[in-house]
Amino acid sequence: MPMAAFNTATAAGALASPAPRRPSALAARLPAARWVPLRCSPPALGLRRGTAPSRRGSAALRVEAKKQSFSSFDELLEKSEKPLLVDFYATWCGPCQYMVPILQEVSEKLSDKIQVVKIDTEKYTSIANRYRIEALPTFIIFKDGKPCHRFEGALPANQLIEQIENALAVTK
Amino acid sequence: MTSTVAATVGCGGLPFRPSSASPRGRPRGRWVVRAQAAGADGSDDKSLEVMRKFSEQYARRSNTYFCTDKTVTAVVIKGLADHRDTLGAPLCPCRHYDDKAAEVAQGFWNCPCVPMRERKECHCMLFLTPDNDFAGQDQVISLEEIKEATSKF
């Protein structure tokens with residue numbers, strides 16, 4: 001597939017089991033347990049192993065629930081039916097990796113309320129610049145295509161859910 | 001003329017000064033000159049080892065501890081090593097920068113960064129004060145641990 005300038009992996013809806021959504025992610029694991037290599041992830045409902053050759057700008061072999069391509073971040077914002085939780089991360093940011101399974105869990109629990117999107121700030125520097133991203137991870141919640149809430153740093157699932165629900169509850 | 005490359009002579013670890021090279025010419029026998037430039041040995045491991053050692057020492061010195069989840073520690077050390085390789089300094093890997101080279105020159109975010117040095121604030125979760133929920137008991141991490149944890153990325 002010809003590569004658009006912008007490409008995200010999004011986890012939508014029903015995922016039966018935690019699964020990585022980007023090349024650098026692995027199957028979810030408990031703290032202090034071993035990282036499970038990508039290839040050993042158990043098959044799960046709705047998942048398909050990415051067998052397509054690697055797209056420009058992305059690494060090889062990824063297991064993901066749903067992969068969508070957009071020609072720009074703006075298009076993504078425009079076409080999104082639900083509010084978005086955008087995770088700005090970098091591969092070698094420890095807290096960002098720590099959040100991978102937590103984001104998975106939250107995206108499942110709040111699948112009807114919000115869509116989780118991840119932006120690799122090293123690949124998409126212009127988007128990161130546009131939103132003045134500094135500390136990583138930074139999370140921005142978008143409603144109707146506009147940023148409405150923003151916070152930084154790793155946090156446990158229950159607190160992340162609280163942040164999201166509070167942001168969504170605020171009426172415009 | 002001083003050498004810009006750190007060199008050690010194999011016998012006794014004495015610094016090797018070109019101007020006082022053996023009057024007989026080439027060193028021989030047990031004299032071995034080892035020169036190390038940054039990244040000379042395949043780069044990955046050297047910077048990784050340097051940042052690993054630094055992290056252990058700095059944790060001890062600052063009375064901070066590694067994360068209970070050592071993968072976080074490993075990923076950050078790898079990020080520091082990468083920046084050291086590519087930029088010449090261990091720029092904090094948990095930030096986005098408009099211009100990395102300028103940031104390195106400026107120095108604020110070179111590890112150990114100013115917030116860490118001044119207030120023991122490490123948002124990378126590399127150096128955690130004992131009262132931090134994420135703080136573990138370790139101030140050590142092995143190269144094997146780092147390599148294993150980061151090999152999947």
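**Note on the chain A–chain B model**

1. Seven residue pairs, both members at pLDDT 80 or more, are found in polar contact across the interface of chain A and chain B. The model is a predicted one, and the points below should be read as describing that prediction.

2. On the side of chain A that touches chain B, two elements contribute two or more residues each: helix H2 (94-109) and helix H3 (125-130) of chain A. H2(A) supplies the largest share, four residues. By residue class, this side of chain A holds 15 nonpolar, seven polar and four charged residues.

3. As for the extent of the interface, 26 residues of chain A are in contact with 25 residues of chain B. About 2,100 Å² is buried between the two chains, and carbon and sulfur atoms give 62% of that area.

4. The count of salt bridges between chain A and chain B is two. In a salt bridge between the chains, the side chain of Glu134(A) meets that of Arg95(B), with an N to O distance of 3.5 Å.

5. Turning to chain B by itself, the chain has five helices and two strands. Chain B has 153 residues, of which 42% count as buried. Among contacts in chain B with a separation of 6 or more, 63% are between residues 24 or more positions apart.

6. Helix H2 of chain B covers residues 70-87. Its geometry can be checked by length: 18 residues at 1.5 Å a residue should span 26 Å, and the end C-alpha atoms are 25 Å apart, so the two values agree. The expected figure takes 1.5 Å times one less than the number of residues.

7. H2(B) is mostly covered, with 13 of its 18 residues buried. Just after this helix, Gly88(B) takes a positive phi of about 90°.

8. Ile119(A) lies in strand E6 of chain A, residues 115-120. Is this residue buried or exposed? Ile119(A) has a relative accessible area of 0%, which means that it is buried, the cut-off being under 20%. In sequence, Ile119(A) and Phe88(A) are 31 residues apart, yet their C-alpha atoms are 4.9 Å apart in space.

Conventions
Residues are numbered from 1 along each chain as its sequence is written. Chains are lettered from A and ligands numbered from 1 in the order in which they are written. This is a predicted model: local features need pLDDT of at least 70, side-chain atom pairs count only at pLDDT 80 or more; totals for chains, interfaces and linings use all residues. Side-chain values use heavy atoms; hydrogens and water are left out. Contact means heavy atoms within 4.5 Å. Buried area is the accessible area (1.4 Å probe) that two parts lose on being put together, summed over both. A salt bridge is a side-chain nitrogen of Lys or Arg within 4 Å of a carboxyl oxygen of Asp or Glu. A polar contact is a pair of N or O atoms within 3.5 Å; within protein, one must be able to donate a hydrogen and the other to accept it, and residues adjacent in sequence count only if both atoms are side-chain atoms. Ala, Val, Leu, Ile, Met, Phe, Trp, Tyr, Cys and Pro count as nonpolar, Asp, Glu, Lys and Arg as charged, and the others, Gly among them, as polar. Buried means under 20% relative accessible area, exposed over 50%, partly exposed in between (1.4 Å probe, protein chains only).
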